[in-house]
Amino acid sequence: MRIDVFFTDRVGIAQEILATLAQRALDVSAVEVEPPHVYLEAPALDAQGLGQLRGELLGVAGVQSVDAVAMLPGARRRLYLDALLAAQEDPVLAVDAAGVVVVANAAAVSASGMTESALIGRSLPGLTDLPDTTRAGSEVQLGGQSFLLESVALHETGGAVAGAVLTLHAPHRLGERLSALRNHGAGGFETILGDSPAVRQLKQRAARMAPVDAPLLIRGETGTGKELIAHACHAGSRRKDQPFFALNCAALPESLAESELFGYASGAFTGALRGGKPGLLELADGGTLFLDEVGEMSAYLQAKLLRFLNDGSFRRVGGERELKADLRIISATHRSLEDMVAAGTFRQDLLFRLDVLQLQVPPLRARTEDILPLAQVFLERACTQIGRPRPRIGAAAAAALLAHPWTGNVRQLQNVIFRAVTLSEAPVIEPADLEFVGSATAPAASAAPEAAPVGSLEDAVAGFEKALLQRLHADYPSTRKLAERLQTSHSAIAVRLRKYGIGAG
């Protein structure tokens, strides 16, 4: 039985309590003194014996109560500490001031390849490849694996160092955490907005390719949402619980892109971090790496990437050790890689490696059915972000949005709506509020036919579409010529002509 003796603290009271137990010849297996408590464990003590002992202990001046407890505090702390250490997926070691291992969790035992009894009492220099293992930020080797070291010093009451707690982070574990921070809220195919036939077909094709663990090349114009699709394909794969990282190959010079992708070893260049730095290949191990604008990658990096795709191995910049990573490569480009191969600026063998699976993202002008629904979504988001009442899109503005070529695609549409919401306080967005920066000028409001009073935005848009198509059909009698004039798809024009009965009969 375990008991808690609660007392009013005074000099010598703990010795008097223990003396009372000694007089009863009671076998005590554990004693913990934490004033104003003395905790005792007496295996032979039963309920009857506790009643007699309580009477004797209450006779000691200052003793307030004697009660049974389920567990001694020290044992409880050890139990919880063991549970915390066991729950840590990263190896954790506690060492004394001499660098000798005192405590090791299960992950550290597993990583070392030794038994726990063999690991306890070992000196750190004999376990790792760096003598200065207590320096945080170092890269260390334990059991043949690479880890990044995190160290917390332990100090005695007087300030002297009593030891340290060392946590070893595997690069892929760091990758999981960084990925979760960078890609918080990134979702699946539900994040790809639009319900046009072109978008439905894209989603269906992407959903079939997502679970296939092979390189995927996403082609499409700037602003069509290629990274959203890459995220969705990652979320639909077996790697969905592993990291997702993205690298824009056009945004960095060659040397920086190389170190970001492959990492670098200690002392690789001036300004390099001591201990080196893992690259995205290591951090994304087990997950997905998205290479945006892969066509902008230099010939040197193309060769290094090709080698990785061939056998999954690579070296850090300035490093000598061969490293391995298991990840899926999803790449994207707005350029014709075949034309680049013909021009000698992109490797054909790399194209074959990247273009195993392929998705083509349609431009916004090829799915005009999505323009107004997307505009409404962006309108609501912009109003929420800047905290203003939601205006409505006027009929003339809606017509201007439909007629615009959208060379910047969905990103451009989002920017146009955001500017309109930000710069106008009117309850209705008019064509004058739409600033089509970076592309052809929007159709002037005067170009739109005079609209009769209508009951809804849909009626106004339908009236504008019908009048516009009737006027242009005389000069462009074939659906293909009319589609080319309005910079949209042949199928979209054919649907509208049938809808309004234009050209029939």
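Which residue lies over the face of Phe 262, and at what distance from the ring centre? It's Lys 304, at 4.3 Å; a charge counts as over a ring if NZ of Lys or CZ of Arg is within 6 Å of the ring centre and within 35 degrees of the ring normal.

Some ground rules first. This is a predicted model, where local features need pLDDT of at least 70 and side-chain atom pairs count only at pLDDT 80 or more, while totals for chains, interfaces and linings use all residues. Residues are numbered from 1 along each chain as its sequence is written, and side-chain values use heavy atoms, with hydrogens and water left out.

**The rings**

Searching the whole structure turns up four aromatic pairs. Rings of Phe, Tyr and Trp (its six-membered ring) pair if their centres lie within 6.5 Å; planes under 30 degrees apart count as stacked, over 60 as edge-to-face and the rest as tilted.

| Pair | Centre to centre | Angle between planes | Type |
|---|---|---|---|
| Phe 262 and Phe 314 | 6.3 Å | 50° | tilted |
| Phe 308 and Phe 314 | 6.0 Å | 75° | edge-to-face |

Phe 262 sits in helix H9 (residues 254-262) and Phe 314 in strand E13 (residues 313-314), so their pair ties together parts that are 52 residues apart in sequence. Helices (H or I, at least four residues) and strands (E, at least two) are DSSP runs, numbered from the N terminus. Ring pairs link Phe 262, Phe 308 and Phe 314 into a cluster. Phe 262 and Phe 314 are both buried, meaning under 20% relative accessible area with a 1.4 Å probe, protein chains only. Phe 308 is buried as well.

**The antiparallel sheet**

Four strands make an open, antiparallel sheet in the order E2-E3-E1-E4; two strands pair if DSSP finds at least two bridges between them. Strands E1 (residues 2-7) and E3 (residues 37-41) share five bridges, and Ile 3 has Leu 40 in E3 as its bridge partner. Helix H1 (residues 13-23) packs on this sheet, touching E1, E2, E3 and E4. Contact here means heavy atoms within 4.5 Å.

**The parallel sheet**

Another open sheet has five strands in the order E11-E12-E15-E10-E16, paired in parallel. Strands E11 (244-248) and E16 (357-360) are at the edges with a single partner strand each, so one side of each has no neighbour in the sheet. Strand E10 (residues 216-219) joins strand E15 (residues 328-333) through four bridges, and Leu 216 has Ile 330 in E15 as its bridge partner.

Key. Axes are lines fitted to C-alpha atoms, for helices over the stretch in contact, and angles run from 0 to 180 degrees between N-to-C directions. Buried means under 20% relative accessible area, exposed over 50%, partly exposed in between (1.4 Å probe, protein chains only).
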